[in-house]
Amino acid sequence: MKKILFVASECVPFIKTGGLADVVGSLPKYFDREEFDVRVMIPKYTCIPQKYKDQMRYLTNFYMNYRYRDCYVGLFEMEYQGAHFYFIDNEEYFSGFGPYTDMYFDLQKFAFFSKAVLSALPVLDFKPDIVHCHDWQTGLIPVHLHDRFQANPFFWNTKTIMTIHNLKFQGVWDIKTIQSFSELTDYYFTSDKLEAYKNGNMLKGGIVYADKVTTVSRSYAEEIKTAYYGEGLDGLIRAKSNNLVGIVNGIDYEDYDPATDDRIFCPYNSENFRKNKGKNKIGLQRELGLEENPKAFMIGVVSRLTDQKGFDLIQCVMDEICEPDVQLVVLGTGENAYENMFRHYAWKYQGRVSANIFYSEELSHKIYAACDAFLMPSRFEPCGLSQLMALRYGTIPIVRETGGLRDTVEAYNQYEHTGTGFSFANYNAHEMLGIIRYAKSVYYEKKREWNRIVERAMEADFSWNASAKQYEELYKYM
């Protein structure tokens, strides 16, 4: 049996700020238990909800020398939905209202965490064949395994995988600071190791020293080899391309199931959506104070409101999108300019635009169930989970052809009667507007054709089962 340890900075249901947490928390449940013993290790943040902290079992503690002093490391564990979780405890580093604070402190916090993870494994007597590291917060783990932990026979056969969820975030600061936090010698701070553009870079260290590098879709794995998407590391990614694999994320099909979802107004499936999906639209219109019209073309947006997600395109053509036969429902927080833009248009087009500038899991499910289309015009998108949720609920994605969006949304073809959504290629506001109008015309003028797209979308399989099988193949040959 192969033993795998996932290491990450966040994980559902304990702590979540983005899609990384969904992957780390959901994926381990889907591996073949006969062949793989997959466990997860994250920090024991003080902001983890009390109901989970109450279920944790104290294992032991030890003191680890970190930056010339002895630091406390507590170890806790719990089982959740059949998966095994470990938690590293140290309130000096892991207290606060969220997992991330200011970047300078986060670099030190996750440098401590990376060393604590490897120091804890011999104490736990869990000897992983593969340590699967996620994002820059764990980038020092492959480096440490080549450095101070190499002499310990416990780690002699341990391999590492580095998964890049978003290459934009790399854990960068000046060399002196990163060297101090990582406790690594000058040897590691050259351009072929942790140095990049005269700074220290923790993710780069992970990519250089990991045995395999994965990212969260096939297209993103290709894109990051180019200067436009490579965030300054495209040369390194090209050099590592023989060890680079793109595996698209999935979503939890039990949690996101319109047939059993108790958060939506009316459950439905791919057979009865024609009758029941519309009841969700009426319910949402009523709840949000929109004009009650079962026939209106309703577009949903559930997102961080940032440039990466393409909101500058939406800003360019917002008046053209908000035509009298369209309703727009937005949920999310982010940059002030976009928050205020949506507030303004909700005031300007009362009854047609709803701006919900906060985050609510319950409301997100209602939006996925109620809307006809889901807009996601990202500048870049490593994988994206929202379009997978939209497909599951038969809400047709309108996306830009980039990264995971290109891999998961098949563009509608009116001649071959195929496709699960609508897409446009160039990062251009009027190209996006054109495809929104095309989708709207199919919705209003070819209702039977639209319903077939909905049917195909709901029958597409982006559950974790498919992704887990690809990871299993990867693990087997390491």
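A residue is called buried when its relative accessible area is under 20%, exposed when that area is over 50%, and partly exposed in between, using a 1.4 Å probe and counting protein chains only. What you see here is a predicted model, in which local features need pLDDT of at least 70 and side-chain atom pairs count only at pLDDT 80 or more, while totals for chains, interfaces and linings use all residues. Residues are numbered from 1 along each chain as its sequence is written, and side-chain values use heavy atoms, with hydrogens and water left out.

Let us start with Gln137. Helices (H or I, at least four residues) and strands (E, at least two) are DSSP runs, numbered from the N terminus. With those labels, Gln137 sits in the loop between strand S6 (130-134) and helix H5 (140-146). Is Gln137 buried or exposed? Gln137 counts as buried because its relative accessible area is 6%. Contact means heavy atoms within 4.5 Å. Leaving aside neighbours within four places in sequence, Gln137 is in contact with Ser9, Tyr100, Phe110 and Ser114.

Two strands pair if DSSP finds at least two bridges between them. S6 and S7 run parallel and are joined by five bridges, and Cys133 has Met162 as its bridge partner in S7. Strand S7 (residues 159-164) is largely enclosed by the rest of the structure, because five of its six residues are buried.

Next, find the open sheet of three strands, with the order S8-S10-S9 and antiparallel pairing. Its edge strands are S8 (172-174) and S9 (195-196), each of which pairs on one side only. S8 and strand S10 (residues 199-201) run antiparallel, joined by three bridges; Val172 has Asn201 as its bridge partner in S10. Helix H6 (residues 175-182) packs on this sheet and touches S8, S9 and S10, its direction making about 105° with that of S8. For such angles, axes are lines fitted to C-alpha atoms, for helices over the stretch in contact, and the angles run from 0 to 180 degrees between N-to-C directions.

Met103 belongs to helix H4 (residues 103-124) and is partly exposed, with a relative accessible area of 32%.

A few places in the backbone deserve a look. Most residues other than glycine have a negative phi, and most peptide bonds are trans. The peptide bond from Val12 to Pro13, however, is cis, with omega near 5°; Pro13 lies in the loop between strand S1 (2-7) and helix H1 (19-26). Arg67 has a positive phi near 55° without being a glycine. Arg67 is found in the loop between strand S3 (57-65) and strand S4 (70-80) and counts as partly exposed, at 27% relative accessibility. Glu183, also not a glycine, has a positive phi of about 60°. The loop between H6 and S9 holds Glu183, which is partly exposed at a relative accessible area of 22%.

Four bridges join strand S14 (residues 326-331) to S15, where Leu331 stands opposite Asn356.

We finish with Ile396, in strand S17 (residues 396-400). Ile396 is buried, with a relative accessible area of 0%. Leaving aside neighbours within four places in sequence, its contacts include Phe374, Phe422 and Trp450. The C-alpha atoms of Ile396 and Ile299 are separated by 9.1 Å, although these residues are 97 residues apart along the chain.
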